[in-house]
Amino acid sequence: MSDPILATHSLSRSFGALKATDNVSIDLRAGEIHAIIGPNGAGKSTLIQQISGVLAPDQGRIELLGEDITRLSTVTRARAGLGRTFQISALAMEDTVFENAMLGALGARGNPWSFWRAAKRDTALSETALAALEQVGLAEARDMRTADLSHGQRRQLEVAVALTLAPRAFLMDEPMAGLGASGSKQMTGFLDGLRAEAPILLVEHDMDAVFALADRISVLVYGQIIATGTVDDIRKDAAVRAAYLGEDL
Amino acid sequence: MIAERPLAVLVLTALLAVPLWALAVDEPFTITLATRAAILALAAVGLNIALGMGGLVSLGHAVFFGIGGYAMGILAYHAQTYTPLEIFGLSIEGTKSMPVIWLVATLVSALAAWGIGLLSLRTSGVYFIMITLAFGQMFYYFAISWSAYGGEDGLSIYVRNGFPGVNTLVPIQFFALCFALLCAALFLNARLQAAPFGLALNAARQVPARVETVGLNPVRLKLVAFVVSGAITGLAGALFADLNRFVSPTMFSWQLSGELIVLIVIGGVGRLMGPVIGACLFVTLEHWLGGITEFWHVFLGVILLLIVLFARGGLVGLLTGKEGPHV
Amino acid sequence: MKKLLLATASAALMASAAMAEVKVGMITTLSGGGAGLGIDVRDGFMLAIEQSGRDDIEVVIEDDQRKPDIAVQLADKMIQSEKVDVLTGIIWSNLAMAVVPASVAQGKFYLSPNAGPSALAGKGCHENYFNVAWQNDNLHEAAGAYANTAGYKNSFILAPNYPAGKDALTGYKRFFGGDLAGEVYTKLGQTDYAAEIAQIRASGADSVFFFLPGGMGISFLKQYADSGVDLPVVGPAFSFDQGILQAVGDAALGVVNTSQWNKDIDNPTNAAFVESFSAKYGRLPSLYASQGFDTANLLISAVDKADVSDADAFRAALEAAEFDSTRGAFKFGPNHHPVQTIYAREVIKEGEVYTNKILGPALEDHADAYAGACKM
Amino acid sequence: MSFLLIAEQVLNGLQFGVMLFLMAAGLTLIFGVMGLINLAHGSLYMVGAFAAAAVAGATGSFLLALIAALAAAALAGAIVEMVVIRRLYAAPHLDQVLATFALILIFSEGTRFVFGSFPLFLDIPDALSGPVTLPGGIEYPLYRLSLIGAGLAVAAGLWFLTARTRIGIQIRAGENDREMIAALGVDISKLYTLVFALGAGLAGLAGALVGAIQSVQVGMGEPVLILAFVVIVIGGIGSIKGAFIGALLVGLTDTLGGVFLPELFKLFMAPDTATQTGSALASMAIYILMSLVLIWRPSGLFGVRL
């Protein structure tokens, strides 16, 4: 088995008496989709925030490509190859779709200090941005204001921005959130193909999508990983059933 | 409804036409008013880069205006008294040359903006507004008690500084200089806005978290914007001092910082021509309403309220029918 | 508001008189915190013009909002557009410093009804600049002189930390012969003086001199009176003037202050001025009103004698200063600042109104310390 | 410098701080509950002082004057809230700053229009005038002691209001979650008007109390407003406890800085320059304090960490 691309080791973080993440160790290997599921309040957001660098863990380590990134800022983690999407679209709403994608391309270049030449005329940037938009199927809408996009289109744009960075690992926070059945299906198909480019750590509520996509699933309850395994393992796991009792598993 | 580009041409043409008309009918004071409008517009163009593009509500931009003013005042004072300026063990001659003064004003303001920005950008929101205000107050009180350069009385410079090939004492020629600098700053602003830097800064204003996740540092983007902004406002300060041939601590006052924001909001936040339209209107109102009633501030207040409550995009927003960026 | 309309109306009336021979630009503070002083100067000035019944003097009045840059702009406007011959009206030293040098350099006359910064009295003096009020130091010097005659040996002195404040303390020290128990600079615009009063109490001084113009003085006096410190206080007239005494109230009673004018100076001009001013505006005239009135009368006396287009003749006419001043005799020193008697006066209550009464001269025929440096 | 003098100066600093707290409490309350920056708070302070001076002049009663100040400022606050402020709750800070800046212009010149350009008279009541001797031999004005008392009483009252009463619970709920409080069936817009009027009333009360020992004049609100902002920023915006601690810190820094900095500089400078340099630094002291606090803790001492 290859070395993991992304891994956490005994990650813990408390808020007062509450252990939001408790000794969490997970890993993400090349080519896979690893889904994290769990009931509301299980600590999924806290985990994501720690991996992306918004929250510092109290204990534990995070590694990307074998390098310790625990103490690095969000910005440096992104440069090191971590591509994140947000649960609630974090896009520049006043700007066009194309401009949002350009921002990603600019991030990929790592140097925004260009003050004179118009960004539009910068062919290298435009090409990266356009390619990502085409990949998610938003090339047609490139000149629309982001605020005017449909919810589904925003989710697509969210992924497109992450794509421009050509990350080594994706960290996706509920990409299906708010999508209808058809939108969800379309996104599932898209993510399915994406794992070839880089593995995806997927936090998701939509169980149909999770079961359709995931190579492995980890279940997070009260801040702890209670089970990790293939889709079939998880379906059968008694502890998971107990934790989800009353939920439609 | 009118698109932004023709509007820009229209406004600048009008700002140029008024003093030319005044020259023809021999109304030199109108030229002075137009020069004042152009200089205030320049200062506001500077602020607009921080405010409109970077979303930095700085209630302390008078600091840079004042620094520019004092850069002019101090250099010209030493030139007019034939005493060298002793600083850090160096002995520097004063100067009455505008290009040198402009360079110094811009550099020193930029340096101050870098320092203030570095500290202030640790905070955000209301705290940012208030810490910039605090820096403004520090400079204000410092200038008041700085007796070497006149303290609260300020410094009078008896003859306007010179520019090679231009007779700056002739109002229309001095106006031309200010107008040219305003146009240059507007051009720079337009380039910045379209450049990758502007793109990233715009995003940093709207969604800093997103900018971070693509690997760019939003605080650094804002800091650079703040420095460029401070430098331009500082340049305007040097011109303003030359217009009045006088500098005083009021150039550092928080009311002036407030007025600069007012100019921009009247015109349109984050719009290229917002500061210019705002400054022209402000100067006109001040002159015209001030002539009608000594209580003209009441009317200014009401106009301002109406704009904030009912015309969020400012005048540019009304004219173009498009909403501007949100700050 | 009605008064205001009247003033503007009369100004407008005069504006319509195409025969006007002399055009006067008055830049003064009519809005914001210091508006009271400007309004008094304006009202005093316009009263004199009105009483003269002349239609050959036209006055343009503008509000400087107490901002130097606005004042400069207005001066430009008056010189460039209105083409005035004479400027006047500025209340504050820093505004005067911004406006006066440039204006006189352009050949205009400037008659100062209030501010008298030292820079314009000494090296920076100018043949076209006339100060009708006082050199800034004068009243403070008189306060120092009064402190000597009152037998004070150890003064605590305080003023705001800005140039006029430093001049004030310098002026007092120039004439005061005793020791200083303490010398304190307060913050400009400060409103709470508890800390300074505590220092005064602890200093062992036998008297207090202070220069805190406007609202600062009101705050200081009220707090001082309530503090239980009962050392005698001396100060220049600025904190004891008609306009603000009513706001200080009992706290000011008995305080000695120095002024070149008071409403009970005994001469017919002054009596008529006090009476007509009270009748017209419904309030007692202030120091500033008297200065505005004198300034206008000086101007009228010069217009009577010479044509303003003949600058040398007009200047000579101003220098002669042959007009009836509310202060009695009036003459200029070599630097065009008044040589005059400065009185010590005491705050009293007349019926319901707080006002001042003259105790006696503090300095007679006093000129300023800078005249020697003036090369005209 | 004697111990007695230092003790008296500390008392002065505390008294100044307590006065600042009255002003800052309303400001921070309004920000905490409604998220609004109100630059016009200083104008309400001025309204209070003018109302007090007018009523004291007409009736001669200081108590009536205080009530009038409270009522006039609260009323002005309520009206302003209903006409202007409530349109600004959702607006960005920039709009709030501007709209309330506009209100300052309107209030200031409006007051000057009504009351004229000359300062008004307001004196402390006879019962509270003159100094008293404190243990240790400090002679201290009774009125200033009363001010400390009044300020502490208001602080206690505010604490009681927010911690122990029904309306306080609503206010605290409003700080945390606007939708929840609406869901609880509380009329949110009425609550906001009430909180705004309360803050305004406090400012008006402060104006009247301070007006008795200072000058009641147009523009008196702005310097205090800036100080009050410094206070709440140091304390952490929205925190009443922070406002209290911040007010005391600012009061002490300002007072003691003005007294001791010149003395300190005299140790190694000529007395003349030392006095001037010390005073210059003293006038900048609280702003330096504020920047240091913000650099150390970007959300103030008791602010919510961002």
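In chain A, strand β4, residues 33–37, runs parallel to strand β9, residues 200–203, and four bridges join the two. One pair to look for is A35(A), whose bridge partner in β9(A) is L202(A). Before I go on, please keep in mind that this is a predicted model. As background, strands of a sheet pair through backbone hydrogen bonds, and the pairing is either parallel or antiparallel.

Now the whole sheet. β4 and β9 belong to an open sheet of six strands in chain A, in the order β7-β8-β9-β4-β10-β11. The pairing across this sheet is mixed. Which strands stand at the edges? They are β7, residues 82–85, and β11, residues 224–229, of chain A. Each has a single partner strand, so one side of each is left without a neighbour in the sheet. From one strand to the next, the twist averages 15°.

Two helices come next. Helix α1 of chain A, residues 44–52, lies across β4, β7, β8, β9 and β10 of chain A. Its direction is at about 145° to β8(A), which covers residues 169–173. Helix α5 of chain A, residues 151–164, also packs on the sheet, where it touches β7 and β8 of chain A. The angle between the directions of α5(A) and β7(A) is about 170°.

Chain B has 13 helices and four strands. How does its radius of gyration compare with the globule rule? The value is 19 Å, close to the 20 Å that the rule gives for 327 residues, so chain B is as compact as a globular protein of that length. Along the principal axes, its C-alpha atoms fill a box of roughly 55 × 50 × 40 Å. Of the 327 residues, 63% count as buried. If we take the contacts in chain B with a separation of 6 or more, 75% of them are between residues 24 or more positions apart.

Last, the contact between chains D and B. Here 38 residues of chain D are in contact with 36 residues of chain B. On the chain D side, the elements that give two or more residues are α4 (93–115), α9 (221–235) and α11 (271–296). Which of them gives the largest share? That is α4(D), with 15 residues. Sorted by class, the side of chain D that touches chain B has 27 nonpolar, eight polar and three charged residues.

Methods: Residues numbered from 1 in each chain as written. Chains lettered and ligands numbered in written order. Predicted model: local features only at pLDDT ≥ 70, side-chain atom pairs only at ≥ 80, totals over all residues. Pairing = 2+ DSSP bridges. Axes fitted to C-alpha atoms, helices over the stretch in contact; angles between N-to-C directions. Contact = placed C-beta atoms within 7 Å. Nonpolar A, V, L, I, M, F, W, Y, C, P; charged D, E, K, R; others polar. Rg over C-alpha atoms; globule rule 2.2 N^0.38 Å. Buried ≥ 20, exposed ≤ 12 C-beta atoms within 10 Å, placed from the backbone.
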